[in-house]
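Trainee: I have a structure open on my screen and would like to learn how to read it. Could we go through it together?

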Amino acid sequence: MKLIVSIIKPFKLDDVREALADVGVNGLTVTEVKGFGRQKGHTELYRGAEYVVDFLPKLKIEAVVADDVVDQCIETIRDAAYTGKIGDGKIFVFDVEQVMRIRTGETGEAAV
C-alpha cells in the first residue's frame, strides 16, 4: 500500500475528488494548508500599502491506495489538478507499512 499526498490549488478539489472516485479511491483526507514553492508568494495591495504574501493557500489531499493503482491515481490527480500555471502543486508517494481500522480491527488492504 502507498500513501499519496497531493498539494493542490483549492479550487481544484472537486475535480480531483471526483476523478479519484471514478478510479475507485473511496477515502480521502483533505487539509487546508499554506505554503510556497518556486512561485515565492505574491504581492498584494491593502489600503494603499503593498505587502508580500509568502504563504499561499493550498489543500493537502491524502489517500492510501493499493500498490497496483498507484500510477493510475498519480496520473488522475495530475490531470484533474492541472492548470498549466505556476503553483499547480506536487504529488508525493510514501510506503505504508501497516493500517488498522479502529472500529473493526481489520488490517491491511481490508482496512483501507
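Mentor: Contact here means heavy atoms within 4.5 Å. Please keep in mind that this is a predicted model, where local features need pLDDT of at least 70 and side-chain atom pairs count only at pLDDT 80 or more, while totals for chains, interfaces and linings use all residues. Residues are numbered from 1 along each chain as its sequence is written, and side-chain values use heavy atoms, with hydrogens and water left out.

Trainee: Is Val16 buried or exposed?

Mentor: Buried means under 20% relative accessible area, exposed means over 50%, and partly exposed lies in between (1.4 Å probe, protein chains only). Val16 has 0% relative accessibility, so Val16 counts as buried. This residue is found in helix α1. Helices (H or I, at least four residues) and strands (E, at least two) are DSSP runs, numbered from the N terminus.

Trainee: Which residues of α1 are buried?

Mentor: They are Val16, Ala19 and Leu20. Looking down the axis of α1, you find these buried residues within an arc of 100°, so they line one face of the helix. The arc is that of the directions from the helix axis to the C-beta atoms. Among the elements that cover the buried residues of α1 are β1, β5 and α2. Just after α1, Gly24 takes a positive phi of about 100°.

Trainee: How do I read a nonpolar core?

Mentor: In soluble globular proteins, nonpolar side chains tend to be buried together. A nonpolar core is a set of buried Ala, Val, Leu, Ile, Met, Phe, Trp, Tyr and Cys residues joined through side-chain atoms within 4.5 Å. In this model the largest such core has 15 residues, and those with the most contacts inside it are Ile4, Ile8, Val16, Leu20, Val25, Val65 and Cys73. Two or more residues each come from β1 (2-8), α1 (13-22), β5 (56-65) and α2 (70-81).

Trainee: Which element gives the most to this core?

Mentor: That is α2, with five residues.

Trainee: Now the strands, please. In what order do they form the sheet?

Mentor: Strands of a sheet pair through backbone hydrogen bonds, either parallel or antiparallel. Two strands count as paired if DSSP finds at least two bridges between them. Here, four strands make an open sheet in the order β2-β5-β1-β6, with antiparallel pairing. At the edges stand β2 (29-35) and β6, each with a single partner strand, so one side of each is left without a neighbour in the sheet. On average, neighbouring strands of this sheet are turned by 20° against each other, direction ignored. Axes are lines fitted to C-alpha atoms, for helices over the stretch in contact, and angles run from 0 to 180 degrees between N-to-C directions.

Trainee: Where do the helices sit against this sheet?

Mentor: α1 packs on the sheet, touching β1, β2 and β5, and its direction makes about 10° with that of β5. α2 packs on the sheet as well, touching β1, β5 and β6, and its direction makes about 10° with that of β1.

Trainee: How many bridges join β1 to β5?

Mentor: Seven bridges, in the antiparallel sense. For an example, find Ile8, which stands opposite Leu59 in β5. Seven bridges also join β1 to β6 (residues 89-95), again running antiparallel. There, Ile7 has Lys90 in β6 as its bridge partner.

Trainee: And how should I read the charged side chains?

Mentor: Side chains of opposite charge can pair when their charged atoms come close. A salt bridge is a side-chain nitrogen of Lys or Arg within 4 Å of a carboxyl oxygen of Asp or Glu. By this rule, the count comes to seven salt bridges. One of them links Lys12 and Asp15, whose closest N and O atoms are 3.3 Å apart. Lys12 counts as buried at 11% relative accessibility, whereas Asp15 is partly exposed at 37%.

Trainee: What joins Asp14, Arg17 and Glu18?

Mentor: First look at the salt bridge between Asp79 and Arg78, with N to O at 3.9 Å. Elsewhere, salt bridges that share partners join Asp14, Arg17 and Glu18 into one network. Within it, the closest N and O atoms of Arg17 and Glu18 are 3.8 Å apart.
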